[in-house]
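Have the structure open as you read.

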Amino acid sequence: TWTPTVYGSATAGTANYSQRVGTYTKVGNLAYVQVYLIFSSFTGTSEMRISGLPFTPEAGGYENHMGSTILHNIALPSGTVQVTPRALDGQGYLRLSVTKDNAAKDQVLCDSSGEILISLTYRTT
């Protein structure tokens, strides 16, 4: 297991969790992680991120470490079509990238409460 922590990119803030579960399976240099977070309050600001990955994602300029997510009660940027969790090359956190219809990509911003479920496979160092 591992402990996922939601934080803001400008002000980390703190969260009050009712569920906070991270699991993983690692085979060779591939890590499969799952996240389940429910938080009733959160004081972070700016881009919402999730820290605590059990292994550092491989660096190489590709940033192709993506998965799937379900969000409940979290505000999304206008025009959102899809939200995808991404593990950034060489970093120990996940970001929630937003695909928009006929517009530039964006990120999910901090929200005061919500539920996040993530499933992600990535290459490790």
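Start on the outside, with N73: its relative accessible area is 70%, and since anything over 50% counts as exposed, N73 is exposed. Keep in mind that this is a predicted model. To find N73, follow the chain to the loop between β5 (65-72) and β6 (80-87). Now check its backbone: N73 isn't a glycine, yet its phi is positive, at about 60°.

Where else does a positive phi turn up on a residue that is not a glycine? Have a look at N102, where phi is about 55°. This asparagine sits in a loop too, the one between β7 (93-100) and β8 (106-107). N102 is exposed as well, with a relative accessibility of 79%.

Is L71 buried, partly exposed or exposed? Its relative accessibility is 21%, and buried means under 20%, so L71 falls in the partly exposed class.

What does L71 touch, once residues up to four places away in sequence are set aside? Its contacts are L76, V83, L96, V108, E115 and I116. Take V83 from that list: L71 and V83 are twelve residues apart in sequence, and their C-alpha atoms are 8.6 Å apart in space.

Note on methods. Residues are numbered from 1 along each chain as its sequence is written. This is a predicted model: local features need pLDDT of at least 70, side-chain atom pairs count only at pLDDT 80 or more; totals for chains, interfaces and linings use all residues. Side-chain values use heavy atoms; hydrogens and water are left out. Helices (H or I, at least four residues) and strands (E, at least two) are DSSP runs, numbered from the N terminus. Buried means under 20% relative accessible area, exposed over 50%, partly exposed in between (1.4 Å probe, protein chains only). Contact means heavy atoms within 4.5 Å.
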